[in-house]
Amino acid sequence: MINSMNNSLSHFAISPNRKALHSSLPVVALESTVITHGLPRPQNLELARDMEREVRENGAEPATIAILDGQIHVGLTESELERLASEDHVRKISRRDFATAILKKECGGTTVAGTLFAAHQAGIKVFATGGIGGVHSVETLDISTDLQALADTPMIVVCAGAKAILDLPATLEYLETMAVPVVGYGTDEFPAFYSNHSGLPVSVRLDSPQEVVDYSKTHWDLGMQTAVLVCNPLSTEEEIPQEKIAGAIQQARREAEIKGLHGQPLTPFLLARLSELTGGDSLKANLALLKNNARLAARIAQAWSKNQAKSF
Ligand code: PSU
Ligand code: MN
């Protein structure tokens, strides 16, 4: 469990969203590993801008989170976003990497786990990503810190399920063990990132932003400290049916194994290889689901702050 701010405030730059944060206006945190390690250029910068636009157009303030020159930024300016998307030496920042990046004055993209840490410290309640990390199906043990962060950070996380390159049944088992509610947004099935169908059940189905807010409030009023994971499927036009992508996923995994890849480079390799193997189709679906999640997160953030205003 991570203690609240303590002396860490000096490492934060929260300026662009301070007003929104203090007046409990709707704010959506956005991660940045997807910009630095998850997508090729120039799509990474376009996507970062698109996600911010989707959030704004749906009534909330975006706060993209990253590390620049050793400072944790909650909310980036346009030029900071451009810099992050084009920097050559950027670290992938999960929870354990903050102190390293701060002391070495590095730049870095925050993963789901890293973003949850910084967003929670800044008082943000809603966060949008593409797909969470999870349990990899490799011989060596590889469980994303994302799962541990979800287990101990009380935030609403909007995603398209876990990335399809993972062992999805094992990932869901882990989330169950850690008591993280897995919400199907308008679905009974856990989405598999590019595909809407995994054949695996969610723990609860909810159908509107207000239902997500009511659910989260009840969960946290009981004293629970876990995230509420909202899994948002793509439209049928945008998804890639599982049977169409299963072969490419298997091949990418095999290649990673032959290369002996493990640790932080594994996920970026699998995503990039999959895009090559599908002739860009997986990239297209990945971009669509990221925007889709930003949209829903903004609507949930709006419902959340309306609810907060009512209870004062
Ligand atoms: N969603 C995407 N693309 C990504 C990621 C999520 O559409 O690249 C990133 C997230 O930042 C997530 C990370 O936390 O991949 C998982 O990395 P790992 O498996 O090494 O924990
Ligand atoms: Mn890992």
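**Ala179 and its setting**

Reply: With a relative accessible area of 44%, Ala179 is partly exposed. The model described here is predicted. Ala179 lies in the loop that runs between helix H8 (168-177) and strand E9 (182-185). The phi angle of Ala179 is near 60°, which is a positive value in a residue other than glycine.

A second residue with positive phi is Phe193, whose phi is near 65°; Phe193 is likewise not a glycine. Phe193 is found in the loop between E9 and strand E10 (204-206). Is Phe193 buried or exposed? Phe193 counts as buried, because its relative accessibility is 2% and the cut-off for burial is under 20%. Ala179, at 44%, is partly exposed, since that class lies between the 20% and 50% limits.

Val183 and Tyr185 are among the residues touched by Val230, when residues up to four places away in sequence are not counted. Other contacts of Val230 under that condition include Ile156, Val157, Val158 and Cys159, as well as Leu296 and Ile300. Val230 is also one of the residues with the most contacts inside the largest nonpolar core, together with Leu150 and Leu229. That core has 108 residues. Its largest share, 14 residues, comes from helix H12 (residues 281-310).

Helix H12 also takes part in an aromatic pair. The structure holds three such pairs. In one of them, the rings of Trp220 and Trp304 have centres 5.8 Å apart and planes at 75°, so the pair is edge-to-face. The pair links distant parts of the chain: Trp220 belongs to helix H9 (residues 209-221) and Trp304 to helix H12, 84 residues apart. Trp220 counts as buried at 13% relative accessibility, and Trp304 counts as buried at 12%.

How many disulfides does the structure hold? The structure holds zero disulfides. Cys231 is therefore in no disulfide: the nearest cysteine sulfur, that of Cys159, is 4.0 Å away, whereas a disulfide requires the sulfur atoms to be within 2.5 Å. Cys231 is buried, with a relative accessible area of 0%. Cys107 counts as buried as well, at 4% relative accessibility.

Strand E6 (residues 107-110) pairs with strand E5 (residues 90-93) in the parallel sense, over four bridges. The chain passes from E5 through helix H5 (residues 98-103) to E6, and this β-α-β crossover is right-handed. Within the pairing, Lys92 stands opposite Gly109 of E6.

Gly59 is placed in the loop between helix H3 (43-57) and strand E3 (61-68). Gly59 is partly exposed, with a relative accessible area of 33%. Apart from neighbours within four places in sequence, Gly59 is in contact with Pro26 and Gln302. Pro42 is placed in the loop between helix H2 (33-38) and H3, and a cis peptide bond with omega of about 5° joins Arg41 to Pro42.

Terms used
Residues numbered from 1 in each chain as written. Chains lettered and ligands numbered in written order. Predicted model: local features only at pLDDT ≥ 70, side-chain atom pairs only at ≥ 80, totals over all residues. Heavy atoms only, no water. Pairing = 2+ DSSP bridges. Helix = DSSP H or I, 4+ residues; strand = E, 2+ residues; numbered from the N terminus. Right-handed = clockwise from strand over helix to strand, strands pointing away. Core = buried A, V, L, I, M, F, W, Y, C linked by side-chain atoms within 4.5 Å. Buried < 20%, exposed > 50% of the residue type's maximum accessible area, 1.4 Å probe, protein only. Contact = heavy atoms within 4.5 Å. Phe/Tyr/Trp six-rings, centres within 6.5 Å; stacked < 30°, edge-to-face > 60°.
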